Amino acid sequence: MPVPNFKDFLATDIQNVFLNVNEFAETYTIDGKPVKAMLDSATDSKHPLAYAEGVSLVADVLYVDAQELGRVPKQDGWITINDVKYHIIRVASERGMLALYLEVNAG
C-alpha cells in the first residue's frame, strides 16, 4: 500500500474539515441544488464598496467542490446562492476546491 503524501492529506482535509458542515462549511442552495460550501466576504461587509446612490457592491468568495456543484461555472457568468444572484468575477482552482470570486449589488 502506498504511503500517503501531502496532496492525499489535503484532499482528505478538504472533505473532512473545510467542506464539513460541523466545521467550516454550510449548506447553501446553489442554482436550486443543496451544496456544502464556504462563503466568505472578500471585503469588509460593514463597509461595502459604493456603487450607486443607495446601492453598494459587496464582494464575496465561494469555496466549493466542483464535483458536488456538478459544473465549473464560467467567469463573467451568474450564480444564485440562497436566492441571491451573484456575478462571477473570477473562477480559480485553489488546492482542490473551486474559488468563485463574486459580486452582488446590495441595496
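Leaving aside its neighbours within four places in sequence, which residues is D65 in contact with? They are Q15 and L19. Keep in mind that this is a predicted model.

**D65, a buried charge**
- You'll find D65 in the loop that runs between β4 (55-64) and α2 (66-69).
- D65 is buried, yet it has no salt bridge.
- K36 carries the nearest side chain of opposite charge, and that is 7.6 Å away.

- In soluble globular proteins, nonpolar side chains tend to be buried together.
- Here, the largest nonpolar core has 16 residues, and the ones touching the most other members are I30, L62, V64, I79, I81 and L102.
- At least two residues of this core come from each of β1 (26-30), β2 (33-41), β4, β5 (78-81), β6 (84-94) and β7 (97-106).
- β7 gives the largest share of this core, with 4 residues.
- Take V64 as an example: setting aside neighbours within four places in sequence, V64 is in contact with V35, K36, A37, L69, M97 and L98.
- There's also a second, separate core of 9 residues, and L19, Y63, A92 and M97 are among them.

**Rings and charges**
- If you go looking for aromatic pairs, the count is 0.
- Two rings do have a charge over them: K85 lies over the face of W78, at 5.2 Å from the ring centre, and the charged end of R90 sits over the ring of Y101, 4.1 Å from its centre.

Terms used:
Residues are numbered from 1 along each chain as its sequence is written. This is a predicted model: local features need pLDDT of at least 70, side-chain atom pairs count only at pLDDT 80 or more; totals for chains, interfaces and linings use all residues. Side-chain values use heavy atoms; hydrogens and water are left out. Buried means under 20% relative accessible area, exposed over 50%, partly exposed in between (1.4 Å probe, protein chains only). Lys and Arg count as positive and Asp and Glu as negative; His and the chain ends are not counted. A salt bridge is a side-chain nitrogen of Lys or Arg within 4 Å of a carboxyl oxygen of Asp or Glu. Contact means heavy atoms within 4.5 Å. Rings of Phe, Tyr and Trp (its six-membered ring) pair if their centres lie within 6.5 Å; planes under 30 degrees apart count as stacked, over 60 as edge-to-face and the rest as tilted. A charge sits over a ring if NZ of Lys or CZ of Arg is within 6 Å of the ring centre and within 35 degrees of the ring normal. A nonpolar core is a set of buried Ala, Val, Leu, Ile, Met, Phe, Trp, Tyr and Cys residues joined through side-chain atoms within 4.5 Å.
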